[in-house]
Amino acid sequence: METIERDGVRIAYRVEGSTDVARPWLVFSHSLACDHTMWDPQMAAFADFRVLRYDTRGHGKSGAPEGE
């Protein structure tokens with residue numbers, strides 16, 4: 001799992017699948033109260049694609065901004 005910080009918030013993400021830069025990208029976003037692991041069962045089916053999975057703010061290993 002990698003992380004990037006943007007506007008003071010840490011976002012955790014994972015890039016998987018094909019390393020061929022010509023392959024199309026898929027982006028998986030999870031539902032409320034989950035994290036990127038909800039997509040684990042589907043990953044084998046998408047091995048020919050480049051896949052980005054991430055934890056939305058306040059979920060999994062991603063941070064949450066303070067305030068409202």
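This is a predicted model: local features need pLDDT of at least 70, side-chain atom pairs count only at pLDDT 80 or more; totals for chains, interfaces and linings use all residues.
Phe28 is buried, its relative accessible area being 9%.

The structure holds three aromatic pairs. One of them is formed by Phe28 and Trp39, whose rings are tilted, with 4.9 Å from centre to centre and 45° between the planes. This pair links distant parts of the chain, since Phe28 belongs to strand 3 whereas Trp39, 11 residues apart from it, lies in the loop between strand 3 and strand 4. Through ring pairs, Phe28 and Trp39 are joined with Phe46 and Phe49 into a cluster. Phe49 also has a charged neighbour, as the charged end of Arg23 sits over the Phe49 ring at 5.6 Å from its centre.

His30 is located in the loop that runs between strand 3 (25-29) and strand 4 (50-54). With a relative accessible area of 8%, His30 counts as buried because this value is under 20%. The side chain of His30 reaches two backbone atoms, which are listed in the table.

| Side chain | Backbone atom reached | Distance |
|---|---|---|
| His30 | oxygen of Cys34 | 3.4 Å |
| His30 | nitrogen of Thr56 | 3.0 Å |

When neighbours within four places in sequence are left aside, the residues in contact with His30 include Asp35, His36, Met38, Tyr54, Asp55 and His59, as well as Thr56 and Trp39. Trp39 is thus both a contact of His30 and the ring partner of Phe28 in the tilted pair.

Conventions
Residues are numbered from 1 along each chain as its sequence is written. Side-chain values use heavy atoms; hydrogens and water are left out. Helices (H or I, at least four residues) and strands (E, at least two) are DSSP runs, numbered from the N terminus. Buried means under 20% relative accessible area, exposed over 50%, partly exposed in between (1.4 Å probe, protein chains only). A polar contact is a pair of N or O atoms within 3.5 Å; within protein, one must be able to donate a hydrogen and the other to accept it, and residues adjacent in sequence count only if both atoms are side-chain atoms. Contact means heavy atoms within 4.5 Å. Rings of Phe, Tyr and Trp (its six-membered ring) pair if their centres lie within 6.5 Å; planes under 30 degrees apart count as stacked, over 60 as edge-to-face and the rest as tilted. A charge sits over a ring if NZ of Lys or CZ of Arg is within 6 Å of the ring centre and within 35 degrees of the ring normal.
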